[in-house]
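Please read the following account alongside the sequence and the three-dimensional model.

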Amino acid sequence: MNQRYLKDLAFQYGGLIAVLIAMVAVFSWHSDNFLQQSTFTTIANGIPELTLVAVGMTFVLVIGGIDLSVGAILALSSAVLGTLMVDAGWSLWAAIPVCLLSGALCGLVNGSISVGFAIPSFIVTLGMMEIARGLTKVVTDSQTKYIGSAVEGIGEPLPHLQLSIAFLLALAAVLTGQFLLSRTVFGRYCIAIGTNQEAVKMSGIRTEPYTITVFVISGLLCGLGGLTQASRLSSVDPNAAIGLELSAIAACVIGGTSLMGGRGSVIRSFIGVLIIAILQSGLAHMGVPDELKQIITGSVIVVAAIIDALRNYFRH
């Protein structure tokens with residue numbers, strides 16, 4: 001491992017890790033109960049859905065798009081899983097592929113309409129958000145469905161490790177996503193599309209399949225998020241994951257993924273998820289009211305967006 005590689009790592013992750021350490025130090029100073037193993041395992045086991053959605057959102061933002069339907073797709077996938085298991089008597093392992101497929105199908109529709117009709121992804125996914133939320137209420141009859149022990153194993157902490165399978169799945173998605181984005185031709189094309197799509201087209205590369213694939217990946221990860229949420233809550237809720245899309249976008253922006261496209265890192269988005277989770281947990285330990293927590297969290301997001309804008313300004 002040479003010195004230049006270490007400098008690159010420090011440049012990419014040093015600032016975000018320093019923020020994490022500073023936050024832990026501040027919250028530990030103000031709360032005697034914060035700096036405990038149980039605090040961090042609780043945080044880890046509570047973030048699989050946001051982590052999975054943030055991985056997909058990173059790819060969407062990198063190509064210059066945005067996906068506002070991720071929370072609704074996650075709720076729909078979760079509702080499909082719960083309905084098949086509770087009402088139709090399917091086993092967990094039979095219902096999982098349909099759950100994942102429903103998420104991927106929504107992503108396929110998002111990508112195909114956006115590319116096929118040259119409509120901005122903002123508009124298409126806004127419509128999908130309403131459609132998926134409505135379908136969720138139809139599938140569940142607007143009722144919360146309790147699944148119970150049949151699905152709890154994925155969300156419960158493993159003995160001796162204290163981390164859930166859901167968190168390990170999310171961690172695997174982060175590593176796979178980072179490899180895909182930074183080490184493959186697919187990832188390089190995604191970055192190129194987000195940087196200058198017209199130039200990519202002029203070089204003879206069809207961008208449409210890559211754009212559609214990115215939305216399918218986002219939808220598939222929403223389906224996986226629906227599975228982990230159902231396992232963590234032992235039930236499915238038609239009103240679940242409302243506002244998750246904003247948290248995912250915030251995590252990506254905090255991690256340095258550009259809203260203008262062409263730049264992003266899945267691992268940095270994951271650190272963004274950790275920053276949001278530790279911030280909310282730390283404020284809760286300090287007894288900060290919910291309304292003030294929203295103001296502080298929103299302020300952090302705005303500051304991250306300003307930093308992103310300044311970075312783009314000086315970059316050009």
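**From surface patch to salt bridges**

Val-109 lies in helix H5, where helices (H or I, at least four residues) and strands (E, at least two) are DSSP runs numbered from the N terminus. The model is predicted, with local features requiring pLDDT of at least 70 and side-chain atom pairs counted only at pLDDT 80 or more, whereas totals for chains, interfaces and linings use all residues. Residues are numbered from 1 along each chain as its sequence is written, and side-chain values use heavy atoms, with hydrogens and water left out.

Val-109 counts as partly exposed at 33% relative accessibility; on this scale, buried means under 20% relative accessible area, exposed means over 50%, and partly exposed lies in between (1.4 Å probe, protein chains only). Together with Leu-105, Leu-108, Ile-113 and Phe-117, Val-109 makes a nonpolar surface patch of about 450 Å². Patches are made of residues with over 30% relative accessible area and no salt bridge; like charges are joined within 9 Å, and nonpolar side chains (Val, Leu, Ile, Met, Phe, Trp, Tyr) within 5 Å. The accessible areas come from the Shrake-Rupley method with a 1.4 Å probe, and for residues only the protein chains shown count as cover.

Helix H6 (residues 121-140) can be examined in terms of length and of its sides. Its 20 residues should span 28 Å at 1.5 Å a residue, and its end C-alpha atoms are 28 Å apart, which agrees; the expected span is 1.5 Å times one less than the number of residues. The buried residues of H6 are Ser-121, Val-124, Thr-125, Met-128, Met-129, Ala-132, Arg-133, Thr-136 and Thr-140. Seen down the helix axis, these buried residues fall within an arc of 165°, so they line one face of H6; the arc is that of the directions from the helix axis to the C-beta atoms. An α-helix has 3.6 residues a turn, so residues three or four places apart point the same way. Cover for the buried residues of H6 includes H4, H5, S1, H10 and helix H11 (244-254), contact meaning heavy atoms within 4.5 Å. On the face turned away from the buried side, H6 carries the exposed residues Glu-130, Ile-131 and Val-138.

Asp-141 follows H6 and lies in the loop between H6 and S1. Its phi is near 55°, a positive value in a residue other than glycine. Most residues other than glycine have a negative phi. Asp-141 is exposed, with a relative accessible area of 57%. Ser-234, in the loop between H10 and strand S2 (235-236), likewise has a positive phi, near 60°, but counts as buried at 10% relative accessibility.

The count comes to 2 salt bridges, each being a side-chain nitrogen of Lys or Arg within 4 Å of a carboxyl oxygen of Asp or Glu. In one, Lys-145 pairs with Asp-87, with the closest N and O atoms 2.9 Å apart. Lys-145 lies in strand S1 (residues 145-146) and Asp-87 in the loop between helix H4 (70-86) and helix H5 (92-116), so the pair ties together parts 58 residues apart in sequence. Lys-145 is buried at 13% relative accessibility, whereas Asp-87 is exposed at 52%.

In the other, Arg-232 pairs with Glu-49, with the closest N and O atoms 2.4 Å apart. This pair links distant parts of the chain, Arg-232 in helix H10 (residues 208-233) and Glu-49 in helix H3 (residues 48-62), 183 residues apart. Arg-232 is partly exposed, with a relative accessible area of 33%, while Glu-49 is buried at 5%.
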